[in-house]
Amino acid sequence: MKLVKETDSQRIKKVSDQEAEEAFRTILTWMGEDPAREGLLETPKRVTKAFKEYFAGYAEDANKILEKTFGDVEGYDDMVVEKNISVTSHCEHHMAPIVGTAHVAYIPKQRVVGLSKLARVVEVFSKRLQTQERLTMQIAQSLMTALDAKGVAVTIDAAHQCMTMRGIKKEHATTVTNYFLGQFKEDLSIQNRYLRFISK
């Protein structure tokens with residue numbers, strides 16, 4: 001008898017839109033609101049639709065986005081840097097927004113990827129419940145593996161509304177995370193050149 005290992009996605013019960021809307025009605029009641037009042041009648045449906053957009057990354061695969069590459073670059077082998085990619089995510093501890101900017105760089109071996117794909121990979125991992133540290137690492141590791149790159153660097157500078165709007169309430173605080181792989185980690189001159197590029 002062959003045993004089939006159950007995957008995480010199989011273990012998670014599928015929840016319908018109607019069940020999600022009912023959960024939001026419950027939360028509205030818990031807040032002290034009346035979900036039956038005119039202004040809130042459509043709110044559970046709207047919030048469910050918004051959450052599908054906020055967390056669309058769970059249904060996407062970064063590896064598929066990076067499948068198509070280009071080899072007709074006449075041997076280009078220096079770093080490719082894409083700066084100022086907007087990041088909107090949600091912290092997994094309070095589900096509060098994380099808003100900031102990502103910078104991504106890689107050093108190709110023989111092939112490059114379309115520039116929009118770098119931003120798409122940032123988007124895939126951002127549209128999930130996250131910590132900024134893990135988000136930074138996931139983007140870098142995905143690019144390194146899928147592109148078979150000589151090196152990858154990722155920097156994120158973001159504000160976390162879980163600490164700007166609640167708790168300690170330091171509204172001007174931002175967090176910076178870096179993750180380096182391959183030549184960016186091994187060669188400080190390459191790492192420093194990247195850091196100079198993104199600081200301009």
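Select helix 2 and colour E21, F24 and L28, which are buried (buried means under 20% relative accessible area, exposed over 50%, partly exposed in between, with a 1.4 Å probe and protein chains only). These three cover an arc of only 60° around the axis, which puts them on the same side of helix 2; the arc is that of the directions from the helix axis to the C-beta atoms. Helices (H or I, at least four residues) and strands (E, at least two) are DSSP runs, numbered from the N terminus. This is a predicted model, in which local features need pLDDT of at least 70 and side-chain atom pairs count only at pLDDT 80 or more, while totals for chains, interfaces and linings use all residues. Residues are numbered from 1 along each chain as its sequence is written, and side-chain values use heavy atoms, with hydrogens and water left out.

Stay on helix 2 and check its length. Its 15 residues should span 21 Å at 1.5 Å a residue, and the end C-alpha atoms are 21 Å apart, which agrees; the expected span is 1.5 Å times one less than the number of residues. Helix 3 is included in what covers the buried residues of helix 2. After helix 2 comes G32, with a positive phi near 105°.

Next, select L40, in the loop between helix 2 (17-31) and helix 3 (43-54). Is L40 buried or exposed? L40 counts as buried, at 10% relative accessibility. Apart from neighbours within four places in sequence, L40 is in contact with L28, E33, D34 and P35, where contact means heavy atoms within 4.5 Å. The C-alpha atoms of L40 and E21 are separated by 12 Å, and the two residues are 19 apart along the chain.

Five of them form an open sheet in the order 5-2-3-6-7, with mixed pairing; two strands pair if DSSP finds at least two bridges between them. Strand 5 (129-130) and strand 7 (175-182) are the edge strands, each pairing on one side only. Strand 6 and strand 7 run antiparallel and are joined by eight bridges.

In strand 2, select S89. S89 is buried, with a relative accessible area of 0%. A polar atom of its side chain lies 2.6 Å from the backbone oxygen of S126. Beyond four places in sequence, S89 touches A96, P97, I98, S126, R128 and Q130.

Move to strand 1 (residues 69-70) and select T69. Which side chain does the side chain of T69 make a polar contact with? The partner is the side chain of R111, at 2.6 Å. A polar contact is a pair of N or O atoms within 3.5 Å; within protein, one must be able to donate a hydrogen and the other to accept it, and residues adjacent in sequence count only if both atoms are side-chain atoms.

The largest nonpolar core has 31 residues, and V104, Y106, V121, I139 and L143 have the most contacts inside it. Among the elements that each supply at least two residues of this core are helix 5 (115-126), helix 6 (132-147) and strand 6 (151-160). A second, separate core of nine residues includes I107, A153, I190 and Y194. A nonpolar core is a set of buried Ala, Val, Leu, Ile, Met, Phe, Trp, Tyr and Cys residues joined through side-chain atoms within 4.5 Å. Select V121: not counting residues up to four places away in sequence, V121 touches A62, I65, L66, I139, S142 and L143.

Turn to helix 6, where the buried residues include I139, S142 and L143. Seen down the axis, the buried residues of helix 6 fall within an arc of 160°, so they line one face of the helix. Just after helix 6, D148 takes a positive phi of about 50°.

Finish with two loops. Most residues other than glycine have a negative phi. E74, in the loop between strand 1 and strand 2, has a positive phi near 55°. E74 is exposed, with a relative accessible area of 83%. M95, in the loop between strand 2 and strand 3, also has a positive phi, near 55°. M95 is partly exposed, at 42% relative accessible area.
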